[in-house]
Amino acid sequence: MTSRDRIKAIRNQPRTMEEKRNLKKMVDKEKSKQSHRILELNCCAQCLNSISRAYRRSKNSLSELLTYISLWQKTFKVIGGKFGTSVLSYFNFLRWLLKFNIFSFIVTFSFIIIPQFTVPEKNTLQFTGLEFFTGAGYFQDTVMYYGFYTNSTVQHGSSGAPYNMQLAYIFTTGAYLIVCFFSLLFSMARNFRNNFINPHIYSRGITKLIFCWDFTITHERAVKLKQKNLSTEIRENLSEIRQENVKLTLNQQLIHVLAHLAAWVVSTGVAIACCVAVYYLAENNSEFLKNHQNPGAVLLLPFLVSCINLATPRLYSLFRLVERYETPRREVYILLIRNIFLKISIIGILCYYWLNIVAQAGEECWETLIGQEIYRLLLMDFVFSLADSLLGEFLRRLIGMQFPTSLGLQEFDIARNVLELIYAQTLVWIGTFFCPLLPFIQMITLFIMFYVKNISLMMNFQPPSKAWRASQMMTFFIFLLFFPSFTGVLCTLAITIWRLKPSADCGPFRGLPFFIHSIYSWIDTLSKRSGYLWVVWIYQNLIGSVHFFFILTLIVLIITYLYWQITEGRKIMIRLLHEQIINEGKDKMFLIEKLAKLQDMEKRANTSSFSMERRDVEQTSPLHVREHNAAHDLRFRRSVQEENPKV
């Protein structure tokens, strides 16, 4: 038996991981004793074998370590066992965003904030505590905002390496966005492959649910939790199969189409009205602030925007009473599309207000003002989410349980809560250029929101009345985060860097006609040095070339199309194989029925023939006795005559 076969045999045994490790050590020890019977490998093969073994061991150890230190793993199992994968998808998305913002904070803190700390600048403003709500005052002259950063080259001593803050600021922002871009693409591709292309998805994992058990689970509580998870997954699969077999009549389909059309008309009208209200408030916000010197007046616009973001999605959720979707998945998709249209439209209007009114108003440091506006929006959205989770959902539970008993506990609104995360993350992406500490603030808010939502979920909500699988929801969430959220952020920052003039008295780009001119100046400097001409060539022919991005976009679209065709082809193949399995099962049942009929007929024929033979024997038995006696007498006489011929 080869080494791979031994490992496979040990892995398939129903033992704990510790027992498997001990068994593997015993087998390796026995094999080492029999080494004189095995041919010696050459030095190169032994080296490759040891490297491969070390790589596998390190990979397994790293995988076990990541699984062990994974955030909230036990909590996720409890949520999945009680509420199913649909509610669990929201918490998975929240954890994914938390990891994303941790990486973003590490990048901005390492390359922008730490170098600025080395430049001593004294803050003369007084801290009052109101800054936590307004984002202005004392925080204005800190590393929190764009205007505080220097435009000089940081260098400690004559021998120290120079650090250009202009290049560091714009390159860190660009690298951060590029990493976000590829991370979103990779996450979408991985989830798309796992949830759309793999064949076991279309078989719904019935084999895994029924015939598979993790024998490493020995703790009683863990066993019960695993059983609850499996039962929830089985209910989801059976509910989905049952929903696929439901067929509506023509009148029912017509009523559903009219209801959906009316709901879309009303939701679109509400979204347009909200956008008009936000535009009116933003346009008159500057005059309002000039007439009201109260520091709390700056919270009016964020407060009204948060009220719209809180009330309108709840209105959209009431449309389910009229539309009555056949599957909960379709209902969540429609709510997500309506909410993303509303929230992205509001963010687009605010971006237009910031880039065309605030930036052109001639303020002393308009970049810091935009950073403060985004900070207030993010903070107000967090406060409203906390109030809704701690008070609104609790009051809804009391109303449902005490007054009209027919209401009961509410169900977790996945679409509304997911869009809150996407809305906040979009603001963070836009605001990182103007407020580099926003990823850190978002990291804290997500960490708090996880525990708040988890407590509210366990206390105020019931499991979904219609169980359904949400294996493909994570892919859809990331897609909405990529488009239109991230693509809109790229457009906004591109307009800021290429079209707007920086402030003349603050920030690392002061004195430049455009933000991008810092890159132009750096390229001109490198073009005079022969050792850096390759950098100039890359910028001119790749980064600064429209044709390169056109070809790159074309390649991405081709790969997406190929993935889509592979998915459709596998769907057709799996459907045909499924039909073939059903037909073979029918053929086997038909053959078994024919075989059973033949066996029954043969049994009946044998029984009838045996009874006829028995009847014939009973009727002819006296005649047989007389013939037998006569034949016996005849043989006796012949034998006597042969012995005594004379007689």
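Guide: Gladly, and one definition comes before we start: a contact means heavy atoms within 4.5 Å. The model is a predicted one, where local features need pLDDT of at least 70 and side-chain atom pairs count only at pLDDT 80 or more, while totals for chains, interfaces and linings use all residues. Residues are numbered from 1 along each chain as its sequence is written, and side-chain values use heavy atoms, with hydrogens and water left out.

Visitor: How many helices and strands are in the protein chain?
Guide: Helices (H or I, at least four residues) and strands (E, at least two) are DSSP runs, numbered from the N terminus. Counted that way, the protein chain has 22 helices and 4 strands.

Visitor: What percentage of the residues in the protein chain is buried?
Guide: Buried means under 20% relative accessible area, exposed over 50%, and partly exposed in between, using a 1.4 Å probe and protein chains only. Of the 647 residues in the protein chain, the buried share is 37%.

Visitor: Among contacts in the protein chain between residues at least 6 apart in sequence, what share joins residues at least 24 apart?
Guide: The share is taken among contacts between residues at least 6 apart in sequence. Those that join residues at least 24 apart make up 77%.

Visitor: Which residues does S503 touch, not counting residues up to four places away in sequence?
Guide: S503 is in the loop between α18 (473-499) and α19 (517-527), and it counts as buried because its relative accessibility is 3%. With residues up to four places away not counted, S503 touches E364, C365, W366, E367, R510 and G511.

Visitor: Which cysteine is joined to C365 by a disulfide?
Guide: A disulfide is a pair of cysteine sulfur atoms within 2.5 Å, and a search of the whole structure finds 1. Its sulfurs are 2.0 Å apart, and C365 is joined to C506.

Visitor: How far apart in space are N151 and F509, C-alpha to C-alpha?
Guide: N151 is in the loop between α5 (131-134) and β1 (153-154), and its 31% relative accessibility makes it partly exposed. Leaving aside neighbours within four places in sequence, N151 is in contact with Q166, G507, P508 and R510. N151 and F509 are 358 residues apart in sequence, yet their C-alpha distance is 6.1 Å.

Visitor: How many aromatic pairs does a search of the whole structure find?
Guide: Rings of Phe, Tyr and Trp (its six-membered ring) pair if their centres lie within 6.5 Å; planes under 30 degrees apart count as stacked, over 60 as edge-to-face and the rest as tilted. Searching the whole structure gives a count of 45.

Visitor: What kind of aromatic pair do F105 and F440 form?
Guide: The ring centres of F105 and F440 are 4.9 Å apart, with 35° between the planes. F105 lies in helix α4 (residues 73-117) and F440 in helix α17 (residues 438-460), so the pair ties together parts 335 residues apart in sequence. F105 is buried at 16% relative accessible area, while F440 is partly exposed at 31%. The pair of F105 and F440 is tilted.

Visitor: Which ring lies under R338?
Guide: A charge sits over a ring if NZ of Lys or CZ of Arg is within 6 Å of the ring centre and within 35 degrees of the ring normal. R338 is 4.5 Å from the ring centre, and the face it lies over is that of W264.
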